[in-house]
Amino acid sequence: SHPPLCSTGIKCGGVLSAPSGNFSSPNFPGPYPYETECTWLIVVAEGSSVLLSFSHFELEYHAACAYDYLQVYNGAARDRGNLLGTFCGRSPPPPFTSAWHVMAVVFRSDRHVAKRGFAAAYQKGSVEGWWWWSICLSFLPHHPHHPCLPADACGGQLTGLSGEITSPRYPESYPNDAECRWNIGGAAGGGPLTLVFADFQVEGGQGCGFDYVALFDGPTTADPCLGRYCGSARPPRTVSSAPHLLVLFKSDFNIGGRGFKAHFYSAGECQEVFTTIKGNFSSPRYPNFYPNNLNCQWSIQLPLGYRVKVFFLDMELEGRSSLTGSCDYDHLAAFDGGAENGSLLGQWCGRETPAHVTSHRNQLLLVLHTDRNTAKKGFSVAYVGVVPMNVSCTRTEFHIQIPMQSLAQLERKRIYLGTPSCAAQVVGRNFKIHTRFDTCGTESQKRNNTSIIVSTLYIDFSAGDQEDIHQYEVQCEPKRKEASVTLIAGPDPSRLSQAENLVDAQQRDGGAMDAREIKSQDTSDIVFISICILAGLLMVIAVVGLVLL
């Protein structure tokens with residue numbers, strides 16, 4: 001028999017009794033179903049506590065969380081006295097530590113508006129005893145800064161590919177005598193981890209002996225220490241050598257500070273350097289939703305003389321801000337050079353697949369920034385190194401010049417116009433091709449009612465069995481003696497067929513070339529000009545003679 005089509009039962013919740021684990025809203029990261037209620041009861045060994053943290057959180061917003069909400073309880077009883085908090089919207093709950101070995105999490109959705117939901121992780125921790133908890137709740141009022149609430153809770157096991165950690169009570173001053181341990185990593189297939197501090201203010205002191213943050217290259221304090229930090233200077237970007245990273249925060253009995261906020265993410269997914277002449281890459285998890293709290297960097301570093309041309313094959317990021325109209329949330333930016341202080345070549349978000357961009361030097365940096373909520377499919381790009389060259393023409397000849405340093409590994413016969421028999425010559429420190437239009441595979445065409453001469457320049461990067469030949473279309477309009485060159489085949493011919501004309505930018509980069517060598521005229525031009533001058537002189541003599549007569 002088949003289940004009834006109208007069945008609305010959604011299986012969710014349950015008892016979680018392992019020492020650590022993960023759970024999420026139904027259908028995560030897709031929208032959760034309507035009219036659903038789930039209860040997870042987390043039970044760890046007696047004498048322990050439950051450490052709970054959220055890596056993703058997006059529920060329908062309401063000022064009082066009256067529609068969709070998530071509630072966390074200290075213990076199994078669902079009564080107001082044990083309620084640690086009710087949450088909705090996009091601001092994730094803080095990390096929690098239960099007062100004993102049981103914690104309950106309740107998720108409820110109504111019949112309207114569904115979001116992506118949440119993902120959470122828990123692990124077993126130490127406990128001071130439930131007696132303090134019961135006494136605290138009995139004798140103290142319930143308000144936002146109630147000492148029984150998890151304002152000072154910190155630490156936990158974080159297994160997502162990305163996330164955010166903050167000191168207790170951040171951005172308010174952290175408490176005294178705190179000790180927090182965030183054990184980051186352990187996700188299946190995870191790689192090295194990157195930790196970036198967005199804000200940092202911890203009591204200073206010589207040797208950081210009072211309050212400090214210490215980073216360890218592994219899951220325990222017995223692993224190598226990557227750094228110990230205090231004061232107000234932000235610690236440097238830290239990359240672990242293994243898929244585990246331990247962050248330890250300690251404060252002493254007096255003097256505090258604002259604390260810190262840091263983002264972590266899997267370095268292997270979004271910290272890459274490319275040095276090959278062409279390649280492609282995409283955002284983490286593409287075409288699935290990328291993680292939140294990312295600051296990914298892809299650096300393309302090619303040999304001197306090259307420029308980097310990037311083609312955007314697909315893009316879907318969080319859209320522009322409705323208030324400012326700018327890419328204030330998730331965005332992809334391109335910088336000229338190898339660092340974010342270089343010239344900004346473009347910044348994009350939403351579905352606005354941009355036109356290709358070309359660097360003005362041999363390095364280009366792409367940076368993806370994502371905030372703490374709302375994720376999309378991401379992006380996919382391809383790039384190719386554009387060989388710098390100067391192309392000019394006369395009425396009868398092509399003149400092509402390429403600095404040898406740009407193609408240092410190639411023999412001259414791998415650079416040819418039209419056919420291999422028209423290979424480049426080595427003149428000084430340049431590859432040069434000077435050829436008449438009636439040779440080297442050139443042909444005459446009509447484009448926009450203009451007669452032009454067209455040929456193809458081949459640069460053969462092939463190695464072994466891998467064929468890799470880049471093609472540039474070379475054009476000349478003989479009447480105006482104007483030349484241009486366009487990259488027509490590289491990483492993806494279908495994408496490159498509409499590549500922009502390269503000659504203007506290349507001629508602005510003329511420092512690598514001797515322009516005087518390229519502006520030479522052929523013999524026919526000189527003869528033509530001489531005849532015109534001689535005819536003019538004869539006419540002047542004739543006119544003078546008539547006047548005298």
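**Salt bridges and a nonpolar patch**

Let us start with R258, which is partly exposed at a relative accessible area of 28% (buried means under 20%, exposed over 50%, and partly exposed in between, with a 1.4 Å probe and protein chains only). The model is predicted, with local features requiring pLDDT of at least 70 and side-chain atom pairs counting only at pLDDT 80 or more, while totals for chains, interfaces and linings use all residues. Residues are numbered from 1 along each chain as its sequence is written, and side-chain values use heavy atoms, with hydrogens and water left out.

The partner of R258 is D199, and their side chains form a salt bridge with an N to O distance of 2.8 Å (a side-chain nitrogen of Lys or Arg within 4 Å of a carboxyl oxygen of Asp or Glu). This pair links distant parts of the chain, 59 residues apart: R258 sits in the loop between β17 (244-250) and β18 (259-266), and D199 in strand β13 (residues 193-201). D199 is buried, with a relative accessible area of 15%.

Now step back to the whole protein. You will find six helices and 36 strands (DSSP runs numbered from the N terminus, H or I of at least four residues for helices and E of at least two for strands). Of the 549 residues, 49% are buried. Among contacts between residues at least 6 apart in sequence, 74% join residues at least 24 apart, a contact being heavy atoms within 4.5 Å.

The structure holds 16 salt bridges. One of them joins R90 and E318, whose closest N and O atoms are 3.8 Å apart. R90 lies in the loop between β6 (83-87) and β7 (96-97) and E318 in the loop between β22 (307-316) and β23 (331-336), so the pair ties together parts 228 residues apart in sequence. R90 is partly exposed at 37% relative accessible area, whereas E318 is buried at 7%.

D336 and R361 form another salt bridge, with closest N and O atoms 3.9 Å apart. Here D336 in strand β23 is linked to R361 in the loop between β25 (357-358) and β26 (363-369), 25 residues away. D336 is buried at 4% relative accessibility, and R361 is partly exposed at 45%. Returning to R90 and E318, salt bridges with shared partners join these two and E58 into one network.

Finally, look at the surface. I533, L534, L537, L538 and I541 make a nonpolar patch of about 530 Å². I541 belongs to helix α6 (residues 523-548) and is exposed, with a relative accessible area of 58%.

Notes. Patches are made of residues with over 30% relative accessible area and no salt bridge: like charges are joined within 9 Å, nonpolar side chains (Val, Leu, Ile, Met, Phe, Trp, Tyr) within 5 Å. Accessible areas come from the Shrake-Rupley method with a 1.4 Å probe; for residues, only the protein chains shown count as cover.
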